[in-house]
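Q: I have this model open and want to go through it piece by piece. Can you take some quick questions?

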Amino acid sequence: MNKKFLAFGAVALASATVLSACSAGGDASSTGAAGSGSLSIYAWAGEIPDSVIEGFEAETGIDVTVDTFDSNETMISKLAAGNSGYDVVEPSQYAVQLMVERDLIAEIDKSKLEGFDNLAEKFVDPSFDPGNTHSIPWAWGTTGILYNEACTGAEVTGWADMWNPDYAGKVYMLDNMLSAYIAGLQVNGLSATTTDEAEIATATDSLLEQKPLLGGYNSTNYADLVGTGDACIAEAYSGTTAAKAVEANPDVHYIIPEEGGTLWTDSFSIVAGTANEDAAYQWLNYTLRPEVAALVTDDASLASTNAAALELVADQSQVENPAIYAPADSLTNSEFIVDPGDALAYFQDGWTRVRAS
Amino acid sequence: MVDVNTPRTSRAAGYLMLLPAVAVITLLVIVPMVVIARDSFAVSDPLGGNLGGFTLDNYAKLLDPVYAKTLGYSLGMAALNAAVCTVVGYIVAYYIATRPAKTQPVLLVLVIIPFLTDFLVRTFAWITLLGSGGPFISLLRLLGVEAQSLVPSQLAVTLSLLYAFLPVAVFPIYASMRSIDPSLKEAAADLGAGWWQTHARIFVPLSASGLASSVMLTFVPTLGVFVIPVLLGGGKDPLVGNLIVTLFTEFRNEPLGAALSMVVLVLMLLSVAAAGLILRARSGSARAGRSRSPKKASAV
């Protein structure tokens with residue numbers, strides 16, 4: 001019996017190890033009950049501060065449940081499976097395009113919106129959702145470079161520095177295909193939204209050439225690595241972790257590369273066929289209020305899409321932090337990363353070769 | 001199990017008692033496997049949908065040498081980890097099995113305790129331990145050695161894989177060692193066997209089933225690991241587990257991911273079957289095989 005117990009223990013341990021490895025990339029999930037007076041939101045982890053939810057609940061009496069995800073793909077596959085029970089989701093720009101094509105999100109009735117004029121110009125009628133028919137942007141950011149000047153010994157100005165052999169072994173790229181191709185394309189003077197096969201092949205060659213210089217691909221703790229100097233220079237998303245790294249260490253800087261910048265934005269959309277449509281519109285209107293939108297900066301260290309909210313941010317140093325709000329002049333040529341459509345295959349072939357090389 | 005020899009009624013009761021286990025295995029193991037097997041032949045749509053239908057394209061795509069390269073690297077890492085875990089597990093298990101009966105359970109519990117902590121937290125702990133500000137590098141610098149951070153490195157990956165799977169190796173080896181008569185060791189010593197001979201000719205052969213279980217229990221799950229290579233290895237050399245995650249998520253290609261999963265599954269089954277055959281051949285030729293059950297390894 002003792003022997004059986006031991007064998008069982010070993011098997012249980014083995015499966016526990018594997019299972020916990022799976023959950024490492026997973027998400028918290030407890031689907032909220034749908035019904036009157038309730039709203040179930042599926043959003044990016046860390047993008048809706050508790051203060052926003054509490055304020056909404058206190059004012060409307062609607063019971064809000066928030067589940068979080070850490071990749072658009074996870075979110076889309078959950079909705080595509082059907083009967084997700086969610087009323088509002090928060091897709092990124094290219095995910096909005098995918099979800100519109102797959103009929104997963106509903107058209108927004110503009111006549112039911114209040115405060116839409118509060119949105120900053122670049123989020124009105126964006127390339128990924130003309131006319132904002134399916135999405136109301138909530139938070140935005142950039143893909144840029146986080147570097148440690150004590151380690152690089154010089155100011156970093158653009159993507160070309162990520163190909164500098166002096167930093168060999170201390171260069172990190174984001175572990176994400178489309179993000180890595182931003183650097184690969186822009187360093188060659190190409191548009192980050194290209195769908196041209198030859199241009200994408202050029203970027204693939206650059207990424208292959210860069211690989212021996214890399215410390216690694218990392219989307220998890222690159223900000224820590226730059227902070228300690230284990231990484232000199234890393235491709236990075238603006239937002240909470242980059243902002244903290246910049247605040248904590250005067251040598252750490254976040255810049256938009258001179259070759260061009262790219263923007264991302266996460267928007268609220270209404271799930272197609274939701275049973276709580278009224279509550280969903282109440283949510284959209286509540287989050288369009290400047291004083292509410294300002295909380296995403298104050299409580300989540302993210303940039304708000306709401307122009308009227310900027311002056312209401314309590315801690316104005318956050319508005320001046322380039323790792324949260326990229327300076328306007330650095331964004332003149334910036335574009336949203338949109339869905340590559342059929343060109344996705346060229347990116348995938350190239351990325352598979354880069355990763356396996 | 002106890003009343004195998006009693007009449008039919010209790011045999012029926014036996015089957016009835018088996019039902020929950022069969023139901024659980026069907027629901028949690030067989031059904032998902034069938035779904036994955038089905039999906040591996042499905043047509044994918046560029047938007048990330050699964051269109052159903054039947055195609056062999058997914059398997060054809062896996063003929064691309066980049067997949068073979070990653071699979072080869074993964075099998076190598078898994079074999080290395082299985083070997084390292086089994087050697088270290090043998091040493092630990094031997095130590096525990098030769099302690100007084102009262103201390104053994106305590107030591108076994110100590111082996112498990114760290115595993116009550118979340119897997120990801122333990123992996124991050126290794127980053128701190130081996131990173132540039134960590135105790136290991138600080139000690140080397142104190143001794144005047146110019147040391148760089150060990151993260152990312154192959155060594156860091158190997159160490160943390162060993163750490164993650166060691167208990168899985170210790171338990172089956174310990175279980176088979178417990179049934180070895182301690183007087184055999186004295187007998188060996190009386191007959192002039194040294195330390196090496198005692199192990200090579202007595203303890204290793206008699207704990208062979210445990211060693212084989214240990215190899216399988218560490219080899220198979222290592223193939224599916226995907227967090228450790230990213231966090232401690234820098235993610236430059238992906239394991240097949242990383243590739244499957246990428247196919248399912250970023251590449252929006254469930255069918256291709258399913259096909260690669262099936263390939264891994266078949267490789268796992270083949271290695272389990274091979275281990276089972278080797279064990280059966282061994283126990284057929286061994287004389288002292290009474291208390292050991294060679295089927296255990298293949299049942300895992």
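Q: Which domains is chain A divided into?
A: This is a predicted model. Chain A is split into domain 1, covering 38-139 + 265-320, and domain 2, covering 141-262 + 336-356.

Q: How many Å lie between the C-alpha centres of domain 1 and domain 2 of chain A?
A: The two C-alpha centres are 27 Å apart.

Q: And how many residues does each domain put into the contact?
A: Domain 1 of chain A gives 12 residues and domain 2 of chain A gives 8 residues.

Q: Where does the largest share of the domain 1 side come from?
A: From helix 4 of chain A, with 4 residues on the side of domain 1 that touches domain 2. By class, that side of domain 1 has 7 nonpolar, 5 polar and no charged residues.

Q: OK, secondary structure. How many helices and strands in chain A?
A: Chain A contains 14 helices and 11 strands.

Q: What about chain B?
A: Chain B has 14 helices and 0 strands. Read from the N terminus, its elements run α-α-α-α-α-α-α-α-α-α-α-α-α-α. The C-alpha atoms of chain B fill a box of roughly 75 × 70 × 35 Å along the principal axes.

Q: What percentage of residues counts as buried in chain A?
A: 49% of the 357 residues of chain A count as buried. In chain B, buried residues make up 35% of 300 residues.

Q: And what share of the contacts joins residues at least 24 apart?
A: Taking contacts between residues at least 6 apart in sequence, the share is 74% in chain A. On that basis chain B has 69%.

Q: Switching to the interface. How many residues come from chain A and from chain B?
A: Chain A contributes 43 residues and chain B contributes 43 residues.

Q: Which elements give two or more residues on the chain A side?
A: They are helix 1 (2-23), helix 3 (72-80), helix 4 (93-101), strand 6 (214-217) and helix 14 (344-356) of chain A. Helix 1 of chain A supplies the largest share, 13 residues.

Q: What is that side made of, by class?
A: The side of chain A that touches chain B has 18 nonpolar, 15 polar and 10 charged residues.

Q: Left-handed or right-handed crossing?
A: The crossing of these two helices of chain B is right-handed. Residues making the contact include L161(B), F165(B) and V168(B) of helix 7, and L211(B), L217(B) and P221(B) of helix 10. The contact divides into 11 nonpolar, 7 polar and no charged residues.

Q: One last residue. Where does T194(A) lie?
A: T194(A) is in the loop between helix 6 (177-186) and helix 7 (197-210) of chain A.

Q: Why does T194(A) count as partly exposed?
A: Because T194(A) has 17 C-beta neighbours inside 10 Å, and a residue needs 20 or more to be buried and 12 or fewer to be exposed.

Q: What does T194(A) touch?
A: Leaving out residues up to four places away in sequence, T194(A) touches L185(A), E199(A) and I200(A).

Key: Residues numbered from 1 in each chain as written. Chains lettered and ligands numbered in written order. Predicted model: local features only at pLDDT ≥ 70, side-chain atom pairs only at ≥ 80, totals over all residues. Left-handed = near helix turned anticlockwise from the far one by under 90°. Contact = placed C-beta atoms within 7 Å. Nonpolar A, V, L, I, M, F, W, Y, C, P; charged D, E, K, R; others polar. Domains from an automatic or database assignment.
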